[in-house]
Amino acid sequence: MVLIDRKIPDFACDVVGLDNHEAATVATEHLLQQGFEAIIFLSEPIGSVNTRLERLYAFRQVMSAHADLVAEQAETPLNDAQRLEQVLDDFNKRHRGMRKAVLSANGALTLQVARAMRRLGIHWGSDIGLLGFDELDWAELAGVGITTLKQPTYQMGHAALEQLVQRIQGMDAPINEQAFPGELIVRGSTTR
């Protein structure tokens, strides 16, 4: 068995996925380089989902070196639009006058964040920055465009298939974890 993009706690098997620590570090550092002073890491409930945990850990690690800046984290169920709007509205009002940004933990949540911001009349790129994990087909078309952290899905899928075939053919090797770097695609939602 080969898992793609997720690890199961206490379950030993091959895993292929994004280097979440490196990707979240790149994303957070980009926001800092663009002059954002208050950043909120938004995710669905973290639980034991390794991708969310690893991204949050890297975000906190980078932000800990900048005690003069604001680092927040919030969790919201994907289908709770009212909760998401409240989190975004509170964050926006609490840091009025500051350059602020949202770092969204995955593509499905980024879509919901964009919808909530539109309902609230908050414009990404001018009122607040927005950076989402996963390259979304519509990200370049939405307003000034949404900056994303693209996962190398083709390479990950190819590596997972190769690993699976090797296991089927009887390869007896230690459990293997392959982590691929992501690609930051900068658009108007995070530029000055």
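Leu161, Leu164, Val165 and Ile168 form a nonpolar patch on the surface of this predicted model, with about 360 Å² of accessible area together. Patches are made of residues with over 30% relative accessible area and no salt bridge, like charges being joined within 9 Å and nonpolar side chains (Val, Leu, Ile, Met, Phe, Trp, Tyr) within 5 Å. Accessible areas come from the Shrake-Rupley method with a 1.4 Å probe, and for residues only the protein chains shown count as cover. Leu164 belongs to helix 5 (residues 153–168). Helices (H or I, at least four residues) and strands (E, at least two) are DSSP runs, numbered from the N terminus. Leu164 is partly exposed, at 33% relative accessibility. Buried means under 20% relative accessible area, exposed over 50%, and partly exposed in between (1.4 Å probe, protein chains only).

Residues are numbered from 1 along each chain as its sequence is written. The model is predicted, so local features need pLDDT of at least 70 and side-chain atom pairs count only at pLDDT 80 or more, while totals for chains, interfaces and linings use all residues; side-chain values use heavy atoms, with hydrogens and water left out.

The UniProt record, an unreviewed entry, places the feature "domain: Transcriptional regulator LacI/GalR-like sensor" at residues 28–190. UniProt positions are given in the numbering used here, feature names are shortened, and annotations may be inferred rather than shown by experiment. The span is 40% helix and 20% strand. Its end C-alpha atoms lie 11 Å apart.

The largest nonpolar core has 22 residues. A nonpolar core is a set of buried Ala, Val, Leu, Ile, Met, Phe, Trp, Tyr and Cys residues joined through side-chain atoms within 4.5 Å. Leu42, Leu88, Val102, Val113 and Met117 touch the most other members of the largest core. Strand 3 (38–43), helix 3 and helix 4 are the elements that give two or more residues to this core. Helix 4 supplies the largest share, five residues. Leu88 is in contact (heavy atoms within 4.5 Å) with Leu42, Val102, Val113, Ala116, Met117, Leu120 and Ile122, leaving aside its neighbours within four places in sequence. A second, separate core of 21 residues includes Ala27, Ala58, Phe59 and Met63.

Ile39 lies in strand 3. Ile39 is buried, with a relative accessible area of 0%. Residues up to four places away in sequence not counted, Ile39 touches Leu31, Leu32, Phe59, Met63, Val70, Ala71, Glu72, Phe91, Ala101 and Leu103. One of these, Phe59, is 20 residues from Ile39 along the chain. The C-alpha atoms of Ile39 and Phe59 are separated by 9.5 Å.

Charged pairs were then considered. Side chains of opposite charge can pair when their charged atoms come close. A search of the whole structure finds five salt bridges. A salt bridge is a side-chain nitrogen of Lys or Arg within 4 Å of a carboxyl oxygen of Asp or Glu. One of them joins Glu72 and Arg94, with the closest N and O atoms 2.6 Å apart. This pair links distant parts of the chain, 22 residues apart. Glu72 is in strand 4 (residues 70–75) and Arg94 in helix 3 (residues 81–94). Glu72 counts as buried at 18% relative accessibility, whereas Arg94 is partly exposed at 47%.

A salt bridge also joins Glu85 and Arg119, the closest N and O atoms being 2.3 Å apart. Glu85 lies in helix 3 and Arg119 in helix 4 (residues 107–120), so the bridge ties together parts that are 34 residues apart in sequence. Arg119 is partly exposed, at 45% relative accessibility. Asp89 and Lys93 meet in a further salt bridge (3.0 Å, N to O). Both residues lie in helix 3, four residues apart, about one turn of the helix. Lys93 is partly exposed, with a relative accessible area of 46%.

Not counting residues up to four places away in sequence, Glu72 touches Ile39, Ile40, Phe41, Phe59, Phe91, Arg94 and His95. His95 sits in the loop between helix 3 and strand 5 (100–104). His95 is buried, with a relative accessible area of 7%. Neighbours within four places in sequence aside, His95 is in contact with Ala38, Val70, Glu72 and Lys100.

One backbone feature concerns Asp134. Asp134 has a positive phi of about 85° although it is not a glycine. Asp134 is placed in the loop between strand 6 (129–133) and strand 7 (147–150).
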